[in-house]
Amino acid sequence: MNKILPSILAVMLLFGCTTSQKLQKFSKNSLVFGSGGGITGATTEYILHYDGTVEKTNSLTKETSPVTKIAAKNSKTLFKEFLNDGLDTLKFSSPGNMSYFVGYKNDSVTQKILWGGDVAPPEKAKTFYDKLIQIINNL
Amino acid sequence: MKNKLLYSLVIFLFTGISLPAQNQNPFNVKKKTTLKSSVTAFKPLKPIPVKPNKSLPVSGITYHSIPFAPMSVDNSKIYKNLKFNKKGQIIFLEGNKKTDSGFNPQNKKSIEEAAIIYLDNIKDLINIENPSAEFQTIEAHNDNYGLTHIKLQQYYNGIKVYGGQVFVHGKNGIMTKFNGEYFPTPAIEDLTPSITSGQAFDIAKADITTPFITPTTAEESLLDFNEVTSELIIYHPVFESNNTRLTWHLTIRPNILRRFEYFVDAKTGEILNHYNNTCSDGPATAQATDLNGVSHTIHTYQTGGNYYLIDASRPMFDQGQSQLPDNPVGAIWTINANNSSGNNLEMYHYSSSNNSWNNVPEAVSAHYNAGETYEYYLGTHNRNSINGQGGTIISVCNISNEDGTSMENAFWNGQAMFYGNGGNIFSPLAGALDVGAHEMGHGVIQNTCNLEYQGESGALNESMADISGTMVDRDNWYLGEDVIINTTYYPTGHLRDMSNPHNGGSSFNDPCYQPAHISEKYTGQQDNGGVHINSGIMNFAYYKFASVITKNKAEKIWYKSMTDYLVTSSQFVDARVAFVNAATDIYGANSTETDAVKNAFSEVGIGDGGGGTPGQGELEMNPGQDYILSVDVNSSDPNTLYISDTEATDFTAISQTQLQQKPSIVDNGSVAVFVTPENKIKYIDLSNYDEEYLSDEASFDNISVSKDGSRIAVISNWQDSAIWVYDFNAQQWAKYHLYNPTYTPGVVTDNVLYADAIEWDYTGQYIIYDAYNKMQNQSGQDIDYWDVGIIRVWNNASDTWGDGKIEKVFAGLPENVSVGNPSLSKNSPYIIAFDYYDSNSDELDVMAANLETGDVGVIYQNTVLGYPNYSKADNILIFNAEDNSGTEVIGQIALQSNKILPSGDPEGLINYGKWGVWYATGDRELFGVEEQSQTHFTIYPNPANNTLNVLFAENIGKNANISVVNIVGQVVYKNKLEPNSMLFHIDISDLPKGTYFIRWNNDKQFITEKFIKM
């Protein structure tokens, strides 16, 4: 097969930036990331808990299943980075037919940075999303 | 006695009633002759009998300047259906500005001349300086449908502009349409090559690895063989308008089998582009089996000894611009993602050495279905591909989830269709024609109405795509029935059923379930506000009327709705408007088809509007009965003030006092105030028509009462650069000096002589006024003009006097223009109507402006100052006008929903009348939005060439967007701003030269600034 690099790859390369400094106790929260939409409208959401466990939910089947567990210190680093980058307070929503998201949730709050539409997401959000995706890519 | 006019004002609009003679500025009637007065203060006033308001204003909005850029008659009102390419250039428009582009279809010279005139009429829109010198006819012909088409090639100083070709189309002897690709008049001065064509050939030859074999004499003779041909051209590498190169275009044939096209910079010798144009390769066909085991003839492409899933057989294929196989233009192209995704996405050609494809059924399905959908749009809707311009259609198969698992989905990512291979619930998604047509439908939606993918507009987006799916795969009303393999989640075996949105489910907990009626609408946040859920409501409406009038008719309405009516933010109610109007356009207002559409929308609970909550910054409509207060000008009638119904059929005389200026009424219609010819102030209690002096000081020229009746503003009767304000609660007067703000912080100019028309805003904080100004222009000449400003005279937050800060409504009025008599919309306090006069053209118009969007529209070309006034619902504007005999009348004209453009012809309403004020007698909350502060920004450099910098004076807050809009209102750039950022860079290098507007907004503000792209 001949590998090609058409311009549609460019839509996967997204830009932006944000700055915010805040650290707080985050132990009861979860980081969430994933994607959803398409003709089915189904969403696959991964949940990274503070202790490093990762779960996967599907909005269609409504099933939640364990995926993997990363080292707790790596998980804490990710949580810290999430806060340091201000992603907990960053509001961004530009959904497309297939949307991607990263955010956090706890018992009372779910916040997601959502993209896939016309407007590119903040770079830090996309970069952080890519880091999280690496967790499941390396399974 | 008053009577209603029965004729149409449009009669005199276009039948030769002369406009004001040159230099007879109609604004002169507003001038004052009394130079000064000894009055330094006015006496305190007694309260007026205002009926208390239900809710007093507690806060307000901030007004800001907008550029004066009317959506002129030449552009938006004449040319329509404008289409733009990614560079922001107009690539299609229709309409005709002038009749002098008429032609004789049998006379080629006549056709050519008319085409050039047509191009000349639109040259400012397409950024061509001199069409007659820059376009030459390639060919012209008349088709079988009575249409004339002329194709023209672009040139610059006699040198061909490569890739610049346009069409002008005519019908019935008039040119009416334009389309094509072109480049703004090139900015290139030196047109002398530095290298010869021979040197360019040497450069290209060194780059070609194919052996050069000299043909035999016989071969040369038979094949008309030339080793190289050359042409000096203007070339734009990768079609960038700003990258203009003098270039040698070489066609090189190293041997009788091969042909290459080379583009060599004629100044530097750089190879700008080259491609293999060998003719022996080309389209092919193959017989292949798809995912459903069905054998199809598919179109492939042979090049370099391999076959590819590139369908170059359709009329849209552009051989000249294609670089095969990696960059086909106008093809249907199917690509293999090879089970990759996300950042690790890898894409490969589907290729075959023997044109056999039975080992890739998913690709066969996607390829074939894309072709079927292309043909549907072309054959049924005359739409040439997804973008309507013959753009390549790309399908990507074997896309996986990001964790590497098989994707049970298909989607459109803005540029291509992606198909997963399914799993436990779905078989490979490419196997369903309706899925492919749904995804391609998203592409068509993106290129037409571009419905925003959240909330109701997102549900409409999904529904339009579902309709696409069921119109292409039209044997039933189901979606995805061919790819569902597990009925656990979809018990009917259908992903969706447009004829039965519940689809076997009973609640939102069931994945198969959709609401069938607006009463069942999902209101949660999941699924971007239910885009895949609430689409069932629109789906059901479509099914209902299509079942009545047939799919063949329904699909015409659907497509026209998308292309001609729906907009990005359309909601369900807009969809009803869109579909009804589309049906009306095609089948007539009283047709069975239009009735079926109306009934269908009603049956799913999407009504005719009304009852909704107003948008941000909107007022609830006054709930009371509405009337018109008008001033009688019939000298034989002793009565001066009449109240009538809004149909002008029933009049009640309420006064015989003459009026100096237009009366002013509180928002609940309980009291009117006015100035008498003796320059005194009177008020009338409209509940009993009792009339009293509010002030017997003979010092006033005009008065406006605040909407809640707590304050008045007056203009003195001498040349006084001030607005005086009296607060009934504080029992105090305050005098506000008028000035003209400049764009230099802290610098103002004192060239305001006096104000005339005044009107309070709905918060009671601001007064919008017009003022007469005298100053010297840059040439040192004295000029005078009328301008409109907004002054803050009260501060609701502190409940005290305002700071007197002034904003001009229009930043940078043309020198010859005056504007005045501003009046606010009744429900959208950011929209004003006003009079406009251009002393150069003697054009006198009633216009309106949206201060949030910066849009300015021409509503009515007048012969007298209009003193416009909006109706209770803002759907009609009334204004002073003249009938055929020159008698003063009050005219009316219906408005579009944007409130700044007309929707019909003007007509007379009240004979012998002027200064009409449309009011209502209900109570409403006058305003309720939070206090806002205005964020300022600076753009530099201006004019700009490549990068425009936007520097904010303060933190911009959250949810901020910035966009660039061209002169016809098309958004050519849009981006989200980062919270806390203060400096933003915009790459404008790809924009054509011209005037643009930067628009910045967040949740609370909407500010526009103009810039020039060099």
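Trainee: Leaving aside neighbours within four places in sequence, which residues is I712(B) in contact with?
Mentor: Contact means that two C-beta atoms, placed from the backbone, lie within 7 Å. Neighbours within four places in sequence are left aside. The partners of I712(B) are then V673(B), I703(B), S704(B), V705(B) and Y726(B).

Trainee: What kind of model is this, and how are residues and chains labelled?
Mentor: Residues are numbered from 1 along each chain as its sequence is written, while chains are lettered from A and ligands numbered from 1 in the order in which they are written. Local features need pLDDT of at least 70, side-chain atom pairs count only at pLDDT 80 or more, and totals for chains, interfaces and linings use all residues, for the model is predicted.

Trainee: Is I712(B) buried or exposed?
Mentor: I712(B) is found in strand β33 (residues 711-716) of chain B. A residue is buried if 20 or more other C-beta atoms lie within 10 Å of its own, exposed if 12 or fewer, and partly exposed in between; C-beta atoms are placed from the backbone. I712(B) has 26 C-beta neighbours inside 10 Å, so it counts as buried.

Trainee: How many helices and strands does chain B have?
Mentor: Helices (H or I, at least four residues) and strands (E, at least two) are DSSP runs, numbered from the N terminus. Chain B has 15 helices and 60 strands.

Trainee: What pattern does chain A follow along the sequence?
Mentor: Chain A comes to 2 helices and 7 strands. Of its 139 residues, 40% count as buried. Read along the sequence, the pattern is β-β-β-β-β-α-β-β-α.

Trainee: How far apart are the end C-alpha atoms of helix α8 of chain B?
Mentor: Helix α8 covers residues 361-381 of chain B. The expected span of a helix is 1.5 Å times one less than its number of residues.

Trainee: How many residues of α8(B) are buried?
Mentor: This helix is mostly covered. Of the 21 residues of α8(B), the buried ones number 15.

Trainee: Which residue just after α8(B) takes a positive phi?
Mentor: The phi in question is about 55°. The residue just after α8(B) is N382(B).

Trainee: How do α12(B) and α15(B) run, roughly parallel or roughly antiparallel?
Mentor: Helix α12 (residues 535-549) and helix α15 (residues 592-603) of chain B have axes that come within 8 Å and cross at roughly 150°. Axes are lines fitted to C-alpha atoms, for helices over the stretch in contact, with angles from 0 to 180 degrees between N-to-C directions. Angles under 35 degrees count as roughly parallel, over 145 as roughly antiparallel, 65 to 115 as roughly perpendicular and the rest as oblique. Therefore α12(B) and α15(B) are roughly antiparallel.

Trainee: Where is S194(B), and is it buried or exposed?
Mentor: S194(B) sits in the loop between β8 (174-181) and α6 (197-207) of chain B. It has 12 C-beta neighbours inside 10 Å, so S194(B) counts as exposed.

Trainee: What separates the C-alpha atoms of S194(B) and K267(B)?
Mentor: Leaving aside neighbours within four places in sequence, S194(B) is in contact with A266(B) and K267(B). S194(B) and K267(B) are 73 residues apart along the chain. Their C-alpha atoms are separated by 4.7 Å.
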